[in-house]
Amino acid sequence: MSVLQWRNEFSVGNKIIDHDHQELIGRIRERQLKLEGCEDPGKIVQVLGEIYADIADHFALEERLMEQLRYAASADHKEDHETLLDELREIMVEVEDDGVLDESELTDDLDRWFSDHFRTHDARLHKASE
C-alpha cells in the first residue's frame, strides 16, 4: 500500500514548522495504514474524515497565524487550503457513492498537494513570520 511519507522537499527551513508538518504527515500516514485492505465504505469514510479533521485543524492554526501577522497573501493561502479540503470531501462522497477508495490515488494527490503547498504558500508565510 502506498502511504504519504515525509520528504525533505516538504521542508520550509523552519525547525518548528517542519516538525509540525512532519507530525501532520505522520498522523495522515497512520490513518492511511488503517485503510489498507479495508472494503467497508463506512470505515473508509470515517478514516477519511479523521484525515480531513487533522488537516483542517492544522490549517486553522496557520490561518490564525496569518491573521495575527496581517499576512498580505492570506486569501490565496486560505483558498489553497479550501481546495484540498474540497478535494477530500469529493473523495469521501465518491466512496459513499461507489464504496471504493483508490488508495494510491489518494496518496499521490496528498503528496502532490503538500509538496506544492509547502514549497510555495507555507514557505512564503513562514519567511514573512521571521
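Entry 1. I looked up how helix 2 (residues 41-69) and helix 3 (residues 74-98) sit against each other, and found that their axes come within 10 Å and cross at roughly 175°. The model is a predicted one. Angles over 145 degrees count as roughly antiparallel, so I noted helix 2 and helix 3 as roughly antiparallel to each other.

I then listed the residues making this contact. On the helix 2 side they include Pro41, Ile44, Leu48, Tyr52, Phe59 and Met66. On the helix 3 side they include Ser74, His81, Leu84, Leu88, Met92 and Val95. I sorted the residues of the contact by kind: 15 are nonpolar, four polar and five charged.

Entry 2. I turned to helix 3 by itself. Helix 3 has 25 residues and reaches 36 Å from its first C-alpha to its last, close to the 36 Å expected at 1.5 Å a residue. I checked which of its residues are buried and wrote down His77, Asp80, His81, Leu84, Leu85, Leu88, Ile91, Met92 and Val95. The buried residues of helix 3 pack against helix 2 and helix 4. Just after helix 3 I found Gly99, with a positive phi of about 75°.

Entry 3. I moved to helix 4 (residues 103-128) and picked out Ser115, which lies in it.

Methods. Residues are numbered from 1 along each chain as its sequence is written. This is a predicted model: local features need pLDDT of at least 70, side-chain atom pairs count only at pLDDT 80 or more; totals for chains, interfaces and linings use all residues. Side-chain values use heavy atoms; hydrogens and water are left out. Axes are lines fitted to C-alpha atoms, for helices over the stretch in contact, and angles run from 0 to 180 degrees between N-to-C directions. Helices (H or I, at least four residues) and strands (E, at least two) are DSSP runs, numbered from the N terminus. Angles under 35 degrees count as roughly parallel, over 145 as roughly antiparallel, 65 to 115 as roughly perpendicular and the rest as oblique. Contact means heavy atoms within 4.5 Å. Ala, Val, Leu, Ile, Met, Phe, Trp, Tyr, Cys and Pro count as nonpolar, Asp, Glu, Lys and Arg as charged, and the others, Gly among them, as polar. The expected span of a helix is 1.5 Å times one less than its number of residues. Buried means under 20% relative accessible area, exposed over 50%, partly exposed in between (1.4 Å probe, protein chains only).
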